[in-house]
Amino acid sequence: MAVRAVVVEADGGSRGNPGPAGYGAVVRDPATGEVLLERAESIGTATNNVAEYRGLIAGLEAAAELGAAEVDARMDSKLVVEQMCGRWQIKHPGLRPLAARAAALVDRFESVRFSWIPRDRNRHADALANAAMDTAAGKPSRATPVPAGGEASRVVAGVDSPGRAQAREVAARAATRSTGTDPATTKASWEPRPSFTATRLILVRHGETEWTVQHRYAGRADVPLSESGQAQARATATRVAALAPSVAAVLSSPLSRCTATAEAIAAALGGLPVRPQDDWIECDFGDWDGHTFAEVRDRWPGELDAWLASTRVAPPGGESFTEVGQRVDRAMVELREAYPGETVVVVSHVSPIKLALRDALAAGDALLHRLYLDAAGISVLDMWPDGGVAVRSVNDTAHLPVR
């Protein structure tokens, strides 16, 4: 059955450059992350770049077989991504025929978007490519096997779910995110880029609530700011006004702890309207909402282990970080396109802000459990039209009383 849109993840490599080479490609459903097709092949002796192009070609061919009209192609090869986007010249004569072949495939679709992703988010295609390289070298495969059908698109850690018994396995194999933002597709450089051409995002975590102090999961529950949180919101408003006296828009999660914080900031900026945005709402923690961290550990130990092991696992009755990442990615792209060269304030929650920073830093999922964001903390990042990103500050709390 034909599908409208697909995600293609591709990789390739060689052992020796040139050396025994192979590629891997995975086609996914963008909404669920389900693996629709896999392609892998040993190609004898070749270079890394040749193998990478072959992986891209195989992925595009697989997408065409499915009848896709729109393709989001993701690779951890900056060279292939930049050359396919037309930003880097194709100087090596051996790559030109492959690039032309890939370009001819691109013309078969209504749209194709190329994105660079970190290698740790391209593990499925990487595992297929490594297995193919082992075959080319005549050796037993060293790659972690990936089932032909791929991992489950959304594993809910229920009492008797596979997540309890297989969480570590899911995390260890190619449990890549089903979305990938476009964090850094510009040529690497130490040279500072002009900030006036960037969209500047001032990301603010909402002020403190009673649940914040009690260390309770607060997902979709509409917990209001405490008195301390209201004071934090006022202090944050003063700080944001000093950081950005000219702001194009103030956006907010629709939950009241965020809108109240955003309203204080908007007032300090001259009375801008606050625009609620559903994509910036907190992760839905399902059955864990309202429970302390310790209570969840006691009542749902297996489910918690599964959730901590993989961003594709959701709390019982809740939402996975993979799903949150999809909507944050969508929101970031919309902001970059809607506010070129302008500053936007976004008031949100821990999970969406962490996911935005993870992608901006091209970091792995481990960052989600290692980065601490205080209530009313401020993070600032710039996004350029070509996909370039610069993180300027993370969790600035200089405006808050020391505790």
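Analyst: A pocket is an open set of grid points with protein on both sides within 12 Å along at least five of seven lines. In this predicted model, the largest pocket has a volume of about 1,000 Å³.

User: What makes a residue part of the lining of the largest pocket, and which residues are closest to its centre?

Analyst: A lining residue has an atom within 4 Å of a point. The lining has 38 residues, and Arg205, Phe293, Val350, Tyr372 and Leu373 are the closest to the centre. Helix H12 (350-360) is among the elements that give two or more residues to the lining; the largest share, four residues, comes from H12.

User: How many residues of each class are in this lining?

Analyst: The lining has 20 nonpolar, ten polar and eight charged residues.

User: What span is expected of helix H8 (residues 256-268)?

Analyst: The expected span is 1.5 Å times one less than the number of residues. H8 has 13 residues, and its 18 Å from first C-alpha to last is close to the 18 Å expected.

User: How do you know which stretch to read with caution?

Analyst: The mean pLDDT of the protein is 86. Over residues 143-186, however, the pLDDT is below 50. Where pLDDT is low, predicted coordinates should not be read in detail.

Note on methods:
Residues are numbered from 1 along each chain as its sequence is written. This is a predicted model: local features need pLDDT of at least 70, side-chain atom pairs count only at pLDDT 80 or more; totals for chains, interfaces and linings use all residues. Side-chain values use heavy atoms; hydrogens and water are left out. pLDDT is the predictor's confidence in each residue, from 0 to 100. Contact means heavy atoms within 4.5 Å. On a 1 Å grid over the protein atoms alone, a cavity is a set of points where a 1.4 Å probe fits but cannot get out, and a pocket is an open set with protein on both sides within 12 Å along at least five of seven lines; lining residues have an atom within 4 Å of a point. Grid points are joined across faces, edges and corners, and a volume is the space filled by probe spheres set on the points. Ala, Val, Leu, Ile, Met, Phe, Trp, Tyr, Cys and Pro count as nonpolar, Asp, Glu, Lys and Arg as charged, and the others, Gly among them, as polar.
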